[in-house]
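This briefing is intended for reading alongside the sequence and the three-dimensional view. Please keep both at hand while going through the points that follow.

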Amino acid sequence: MTAHAVINRNTYDQVMLPIYSPAHFIPVKGQGSRVWDQQGKEYIDFAGGIAVMALGHCHPELVDALKRQGEKLWHISNIFTNEPALTLAQKLIDATFAERVFFANSGAEANEAAFKLARHYAITRHNPYKTKIIAFHHGFHGRTLFTVSVGGQPKYADGFGPKPADIIHVPFNDLDAVKAVMDDHTCAVVLEPVQGEGGVTPATSAFIHGVRELCDKHQVLLVFDEVQSGMGRTGKLFSYMHYDVVPDIITTAKALGNGFPISAMLTTANIASVMVPGTHGTTYGGNPLACAVANVAFDIISTPEVLHGVEKRHNLIVNFLNGINQRYSVFGEIRGKGLLIGAELKGKYQGKAKDVLQLAAENGLMLLSAGSDVLRFTPSLIISEEEIAQGMERLEKAISQLV
Ligand SMILES: *Cc1c(COP(=O)(O)O)cnc(C)c1O
């Protein structure tokens, strides 16, 4: 083995499984909504680690929480419980419909637990044939074989052999389509209140209410995947709170630990009661280090100042996008909720999201796409107005260079 004096983007292609094609620069430092690369170039961060960095990079209170817990207890396993996990579970329960919490490490794991719980509940309380899961085209729930199969993008799910059976996909926001496939053998309907990866598409209120009614009629559990839309992203702690509907299970991850890996599945005591010691588990889930950070992130995100600031920033971003649109005629629909915003590329810009992202990076802006036609904005919930303005200036420059 040779000594490596230099680590750069080329190293990636030589050492990593080629499942991503990361940008050509390597970020080395972040503060708030600014990031710097190896060469010291500065970026405004509208991506937030894919809707993870709700409180920006290296928030001083989170750094402090990490350091304090880091000197106390990192990991103890679920053979023992721990104070940070119990404190965090209590906070999540107090703030939602839920009465029981399961912690894991990623969105996929929280969803895997949710889908297993929904199946196990139906089989235990009803009959062994009540296993059908209704899910939606363009939905995204993670990359384990079960969660990717419930997701509605065949290009992610195909090519890995037999999939878990009894999962059916119908068009999102189409209540008649749900009605047509719903029956007494259905155990769960799984949806993202705002589809994130699939193109930033909010569910309509009529759809959510209609699905809830159908679920009640057929004794089906309603599962909301709030991995991306939760933890303040849409201006409420969880996006289901916009709809005046109570789900049976929700999952959350991304912003829960503000970059420290942690996820949670929340449900009622009744549904949780079908699980007994040994039915499910994880080594790392709910470890003290992750929960200590998430406790502080939760306290800050759930303050009225942070939650109320989301709408103001949403309006500011949409105004800037409308302005750019007047000058360049680049966007079709601009949609989303709170700080989960999608801008559809139209006309000659269609299919060029990747090119926009690359030009944005060259101009000092980190941005996301959702598919090839939608620019996705998921900045920190506390990004400053000045940083939004500066980022938008860089975006406009990128778009001007695309012409
Ligand atoms: C990101 C995401 C997931 C997967 O989370 P991982 O932490 O990557 O496993 C699941 N559901 C939704 C809605 C997501 O946005």
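Is E42 buried, partly exposed or exposed? With a relative accessible area of 24%, E42 is partly exposed, where buried means under 20% relative accessible area, exposed over 50%, and partly exposed in between, using a 1.4 Å probe and protein chains only.

This is a predicted model, in which local features need pLDDT of at least 70 and side-chain atom pairs count only at pLDDT 80 or more, while totals for chains, interfaces and linings use all residues. Residues are numbered from 1 along each chain as its sequence is written, and side-chain values use heavy atoms, with hydrogens and water left out.

**Salt bridges**

- The structure holds 15 salt bridges, a salt bridge being a side-chain nitrogen of Lys or Arg within 4 Å of a carboxyl oxygen of Asp or Glu.
- One of them joins the side chains of R34 and E42, at 3.1 Å from N to O.
- Salt bridges link R34, E42, E387 and R394 in a network.
- The side chains of D299 and K91 form another salt bridge, at 3.0 Å from N to O.
- This pair links distant parts of the chain, as D299 lies in helix α11 (residues 288–301) and K91 in helix α4 (residues 83–95), 208 residues apart.
- Helices (H or I, at least four residues) and strands (E, at least two) are DSSP runs, numbered from the N terminus.
- D299 is partly exposed, with a relative accessible area of 38%.
- D216 and R212 also meet through their side chains in a salt bridge of 2.9 Å, N to O.
- Both residues belong to helix α9 (residues 205–217), and because they are 4 residues apart, about one helical turn separates D216 from R212.
- D216 is partly exposed, with a relative accessible area of 48%, while R212 counts as buried at 12% relative accessibility.

**An open sheet and its helices**

- An open sheet is formed by 4 strands in the order β13-β14-β17-β16, with antiparallel pairing; two strands pair if DSSP finds at least two bridges between them.
- β13 (331–337) and β16 (368–369) stand at the edges with a single partner strand each, so one side of each has no neighbour in the sheet.
- β13 runs antiparallel to strand β14 (residues 340–345), and 5 bridges join the two.
- Within this pairing, R335 stands opposite G342 in β14.
- The hairpin of β13 and β14 has 2 residues between the strands, and G338 there takes a positive phi near 55°.
- On its other pairing, β14 is joined to β17 by 4 bridges, again in an antiparallel arrangement.
- A343 stands opposite L375 in β17.
- β14 is largely enclosed by the rest of the structure, because 5 of its 6 residues are buried.
- Helix α12 (residues 304–328) lies across β13, β14 and β17 (374–377), running at about 175° to β13.
- Helix α13 (residues 353–362) packs on the sheet and touches β14, β16 and β17, its direction making about 45° with that of β17.
- Contact here means heavy atoms within 4.5 Å; axes are lines fitted to C-alpha atoms, for helices over the stretch in contact, and angles run from 0 to 180 degrees between N-to-C directions.

**Surroundings of the ligand**

- A backbone N or O atom of G107 lies 2.8 Å from an oxygen atom of the ligand.
- A polar backbone atom of A108 is 2.7 Å from an oxygen atom of the ligand.
- Q228 places a polar side-chain atom 2.7 Å from an oxygen atom of the ligand.

- Most residues other than glycine have a negative phi.
- I50 is not a glycine, yet has a positive phi of about 60°.
- I50 lies in helix α2 (residues 48–51) and is partly exposed, with a relative accessible area of 36%.
- S329 likewise has a positive phi, near 50°, and is found in the loop between α12 and β13.
- S329 is partly exposed, with a relative accessible area of 44%.

Conventions: A polar contact is a pair of N or O atoms within 3.5 Å; within protein, one must be able to donate a hydrogen and the other to accept it, and residues adjacent in sequence count only if both atoms are side-chain atoms.
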